Structure formats: C-alpha cells, structure tokens
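Good morning, and thank you for making the time.

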Amino acid sequence: LVANIIPPQHFRMQETLPNGRRVDCLLMLPEPSGHIAIDSKFPLENYQRQFSVDNESQKKLIVAQFKQDIKKHIDDIHERYIIANFTAQGAMMFIPAEAIFAHIHAHLPELVNYAHKKKVWLTSPTTLMAVLNTAMSVIKDHSTRAQVDVIKGHLTYLSKDFERFEKRMGQLGKHINQANNDVSLIQQSSTKITQRFIKIEGCEFETLDDPLKEVED
C-alpha cells in the first residue's frame with residue numbers, strides 16, 4: 001500500500017529510530033508534520049480463536065485476552081514509535097483486515113478511545129490508503145512551495161527568451177518582406193530579358209530614345 005502511493009524517497013521499511021527501536025515503516029514527511037511510524041505487527045491469534053470455540057465462558061476469556069493484547073500493543077506503539085522532535089505526535093497501528101477494524105470499532109469502543117488517548121491511530125487497508133493520500137498531498141504541497149523561487153526564476157528566463165523570440169521574429173518578417181520585394185523585381189527583370197530575346201530572335205527592333213533608362217527600368 002505504501003509503495004503504491006508514496007514515492008520511495010519518502011518512506012523506509014524496517015527503519016531504526018533514534019531511540020534504537022525498529023519500526024515496520026516510517027513515512028518521511030516534511031516539517032512541520034514530522035515522520036509517522038506505522039506498525040503492522042497486529043496480534044491476530046486471540047481474535048481468530050474467539051470464533052473457533054463454542055464454550056461461552058471460554059470465549060469471554062479469549063475476548064478479554066484479545067482486548068489485553070490490543071491494549072498492550074497500543075502501549076508499545078506509543079512508547080516506541082512516538083519520539084519528540086523526530087516523529088509526529090502520533091503513530092499508526094495497521095490492522096490487516098477491514099472485518100477486524102470494524103469489529104473493534106463496533107464491539108470494543110473502549111479500545112478505540114484508549115488508542116486516541118495514547119495518540120495511536122488505528123488504520124485498516126482502506127483507511128490507511130486515505131491517510132497515505134493525505135500524506136502525499138502534504139509532500140506535493142511542500143515540494144511545490146520549496147520550488148517556488150526556482151519556478152519564478154525559470155519564468156523570468158522564459159519571459160526574456162520570449163522577448164528575444166518576438167524581436168527576432170519581427171526581424172525575420174522584415175527580411176521576408178524585403179526578399180519578397182526582391183523576388184518581384186527579379187521576376188520583372190526576367191520577363192523583360194525574355195521579351196527582349198524574343199524581339200531579337202524575331203528581328204523586331206525598335207528605336208530606343210534613352211537606352212540607359214530602358215536598361216535601368
């Protein structure tokens with residue numbers, strides 16, 4: 001899930017934190033957000049066991065143990081993965097299935113409240129995707145703001161380039177117009193030369209009042 005949404009330079013798997021603890025995933029978010037630790041070592045055993053026993057009293061014991069497992073896990077995440085001046089004020093517990101996530105919220109609301117107090121955010125595959133998309137928006141926004149000066153500089157250069165382009169385009173237009181006029185004059189001369197050859201060939205001579213003026217025209 002993380003690799004599909006977050007660029008590789010913004011997360012690390014099995015990262016060792018400043019306190020020596022190793023977290024399953026660390027989201028490397030810009031300030032002031034702070035890095036966010038994600039723990040995925042969810043205790044599944046007692047959750048699965050409660051659906052495999054028929055004895056009601058035994059089932060209650062398993063449910064109680066499951067609640068204890070989750071509470072201890074919340075405490076561990078709070079203690080290990082929330083570090084002042086390094087991480088955000090909270091960390092995430094990844095619950096591997098939507099059914100378990102829904103079960104906890106529907107039947108064990110006291111655990112949800114306890115997690116909130118401990119700054120541990122419970123996430124399922126769906127809710128984690130929402131969190132990751134939000135994190136990606138933070139990353140993009142920070143990257144854009146960090147590049148504002150660079151973007152402004154490039155826009156300034158682009159403006160100057162366009163001014164030069166416009167000036168050179170005007171000069172080219174003048175050259176094209178001049179060339180067009182020159183071509184017209186050449187065509188006139190060519191027509192006169194052709195007509196002169198035709199007259200000479202047909203011995204059609206005329207008296208020239210001013211030969212030089214005739215040639216200049």
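A salt bridge here is a side-chain nitrogen of Lys or Arg within 4 Å of a carboxyl oxygen of Asp or Glu. Before I apply that, two remarks on the source: this is a predicted model, in which local features need pLDDT of at least 70 and side-chain atom pairs count only at pLDDT 80 or more, while totals for chains, interfaces and linings use all residues. Residues are numbered from 1 along each chain as its sequence is written, and side-chain values use heavy atoms, with hydrogens and water left out.

Let me start with the charged pairs. How many salt bridges does a search of the whole structure find? The search returns 5. Asp24, Asp39 and Lys41 are linked in a network of such bridges. Helices (H or I, at least four residues) and strands (E, at least two) are DSSP runs, numbered from the N terminus.

Are these two partners buried or exposed? I use buried for under 20% relative accessible area, exposed for over 50%, and partly exposed for values in between, with a 1.4 Å probe and protein chains only. Asp24 counts as buried because its relative accessibility is 12%, whereas Lys41, at 41%, counts as partly exposed.

A further bridge joins Asp76 to Lys72, with the closest N and O atoms 3.1 Å apart. These two are separated by about one helical turn, because they stand 4 residues apart in helix H3. Asp76 is buried, at 17% relative accessibility. Glu15, in turn, pairs with Arg12, the closest N and O atoms being 3.2 Å apart, and Arg12 is partly exposed at 42%.

I now turn to the interior. In soluble globular proteins, nonpolar side chains tend to be buried together. A nonpolar core, as used here, is a set of buried Ala, Val, Leu, Ile, Met, Phe, Trp, Tyr and Cys residues joined through side-chain atoms within 4.5 Å. The largest one has 26 residues, and Phe42, Met93, Ile95, Ile104 and Leu122 have the most contacts inside it. At least two residues each come from strand E2 (22–27), helix H3 (56–81), strand E4 (91–94), helix H4 (98–107), helix H5 (109–117) and strand E5 (120–123). Which element gives the most to this core? That is H3, with 5 residues. A second, separate core of 17 residues includes Ile5, Ile36, Phe94 and Leu128.

Leaving aside residues up to four places away in sequence, Met93 touches Asp39, Phe42, Ile70, His73, Ile74, Ile77, Val120, Trp121, Leu122 and Thr123; contact means heavy atoms within 4.5 Å.

In H4, the buried residues are Ile100, Phe101, His103 and Ile104. They lie on the same side of H4, because they cover an arc of only 160 degrees around the axis; the arc is that of the directions from the helix axis to the C-beta atoms. The face of H4 turned away from that buried side carries exposed Ala99 and Ala106.

In H5, Leu111, Val112 and Ala115 are buried. Their arc is only 100 degrees, so they too sit on the same side of their helix. The buried residues of H5 pack against H3, H4 and E5, while His116 and Lys117 are exposed on the other side. Lys119 follows H5 and has a positive phi, near 60 degrees.

Two further backbone angles deserve mention. Gln14 is not a glycine, yet has a positive phi of about 50 degrees; Gln14 lies in strand E1 (residues 11–16) and is partly exposed, at 43%. Asn85, also not a glycine, has a positive phi of about 65 degrees. Asn85 lies in the loop between H3 and E4 and is exposed, at 84% relative accessibility.
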